[in-house]
Amino acid sequence: MFKKVLIANRGEIALRVLRACRDLQIPAVVAYSEADRDSLPVRLADEAVCIGPPPSGRSYNNIPAIISAARITGADAIHPGYGFLAENAYLADVCGHVGLTFIGPSSEAIARMGDKALARALMKDAGLPLLPGSEEPLGNPRTTQGIARRIGYPVILKAAAGGGGRGMRVVRSDRELAAALPIAQAEAEAAFGNGEVYLEKYLEQPRHVEVQIIADGRGHVVAVGERECSLQRRHQKILEEAPAPNLSSGTRQSLFKAAVRGARAIDYSSVGTFEFLLARDGHFYFMEMNTRIQVEHPVTEVTTGIDLVRWQLRLAGGERLTLQAKEIVTRGHAIECRINAEDPERGFEPSAGAVTDYVAPGGPGVRIDSHLFPGYVAPPYYDSLLAKLIVWGQDRAEAIGRAERALQEFVIGGIKTTAPFHRGVLRDAQFRRGEVGTDFIPRYLERIAADGAVRGEG
Ligand code: ADP
């Protein structure tokens, strides 16, 4: 195992990784930017090292600064968390060259799955079901119109290097396509430094269901469970559940099989997630693979009792995956609410500033993954996630009830958060019936706007 792990991240995930290191009795160093000098991960770490000024390009995304920080502090491994450099094949590669372990999969696996168009081709070869789409990066509008017509509108344009719900555009006609393609290509170039765009069939009102896998790179792969991630705003997840409601056991088993087959095909090693779109007719399609720990991993942890971050560390440290598929038992139901520093009453505009008051909920079935404390100042430089409320119940109804109870107790004073919005969603009859799809949140927002009030306020 490692002598010391450098945590190259911030916020709740830096704390999560720190806790896993503590559980494994590995000393950890938190690498922080000047904006996070007084943060909780820095306070709780065994050691901390400043890696640069607040803008992430000069700190959390600065590879030379992170490698030097590991060197100076005597760390022999780097955990990238999620976001920032978590799916940066170059960092994984550099680590290999300088004798550091990148806690994640190989740089080849990151590069192959990070190019979404290449990932599609590889998974197609592995026999996973895919939505019809373009095989090559798109060229000019005219040839692209031919591809789109063959597939049938609507289609979705996606940046090959995209992520985080950015760089996607739905087009419904030749005319829309001709207008959108050059913009999508220019945006992809500007945002990701790679202008390659591909397209695939756009599904109306699908569900987003993903499968967590753990693999040891020696052919042993287990599917740990699936997560329902359909509740999204602007293609960004806001509430996740495990297991996925109203999913037949046949579909679940087929999803697991597809994910395991996909991971084997690329000799994957580490934790990872296969994302699928589930159509109304029950068919599902591979969308992409994420080669890192995900924000929503705790719903899988609390329903299976498996510590995913700990496994990630152990596998990177060279241990074998001893977990067998038949030992994995899913119990009860879990829900995660992402509490963001955003004002749901003002179109979810960012709400930076000081947290004047902070009281975290507790009691049976409640887990809070958060870096907040009274007096915390949310810096404007990074993402808006403040806290993840994860609840567990014997069944979905109990989990919903506990989530409501926890949100009622939760106090985050001084800034606007999405907590009241979650309370509204949890009370919604359609949500309670488990009738979820990626259109749920947009429609819900229309409904509450029509009611003339944000329902979560009560
Ligand atoms: P990112 O990597 O940026 O998160 P994804 O490819 O995972 O992008 O897609 C994010 C979300 O966009 C999906 O969860 C889904 O809601 C929507 N989406 C993506 N592809 C399609 C598609 N072909 N049809 C319908 N919705 C899609």
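Biologist: Hello! What makes Glu200 and Arg120 a salt bridge?

Modeller: Their closest N and O atoms are 2.9 Å apart. A salt bridge is a side-chain nitrogen of Lys or Arg within 4 Å of a carboxyl oxygen of Asp or Glu, so this pair qualifies. Glu200 lies in strand β8 (residues 197-201) and Arg120 in helix α6 (residues 116-125), so the bridge ties together parts that are 80 residues apart in sequence. Helices (H or I, at least four residues) and strands (E, at least two) are DSSP runs, numbered from the N terminus. Please keep in mind that this is a predicted model: local features need pLDDT of at least 70, side-chain atom pairs count only at pLDDT 80 or more, and totals for chains, interfaces and linings use all residues. Residues are numbered from 1 along each chain as its sequence is written, and side-chain values use heavy atoms, with hydrogens and water left out.

Biologist: How many salt bridges does the structure hold?

Modeller: There are 33 in the structure. One of them joins the side chains of Glu12 and Lys388, at 2.9 Å from N to O. That pair links distant parts of the chain, 376 residues apart, with Glu12 in helix α1 (residues 11-23) and Lys388 in strand β21 (residues 385-393).

Biologist: Why is Glu12 called buried?

Modeller: Glu12 has a relative accessible area of 3%. Buried means under 20% relative accessible area, exposed over 50%, partly exposed in between (1.4 Å probe, protein chains only), so Glu12 falls in the buried class. Lys388, at 0%, is buried by that rule as well.

Biologist: What makes Glu296 and Lys237 a salt bridge?

Modeller: Their closest N and O atoms are 2.8 Å apart, which is within the cut-off, so they count. Glu296 lies in the loop between β13 (284-290) and α10 (297-304), and Lys237 lies in strand β11 (residues 236-242), so parts 59 residues apart in sequence are tied together. Both residues are buried. Through shared partners, salt bridges join Glu210, Arg227, Lys237, Glu240, Glu275, Glu296, Glu336 and Arg338 into one network.

Biologist: How do you know that a polar atom of the side chain of His220 is in polar contact with the backbone oxygen of Leu323?

Modeller: The two atoms lie 2.7 Å apart. A polar contact is a pair of N or O atoms within 3.5 Å; within protein, one must be able to donate a hydrogen and the other to accept it, and residues adjacent in sequence count only if both atoms are side-chain atoms. The distance of 2.7 Å is within that limit. His220 sits in the loop between β9 (207-216) and β10 (221-233). At 18% relative accessibility, His220 counts as buried.

Biologist: How many residues of domain 2 are in contact with domain 3?

Modeller: Four residues of domain 2 are in contact with four of domain 3, where contact means heavy atoms within 4.5 Å. The chain is divided into domain 1 (5-103), domain 2 (132-201) and domain 3 (207-452), with bounds from an automatic or database domain assignment. Across the interface of domain 2 and domain 3, the rule finds zero salt bridges.
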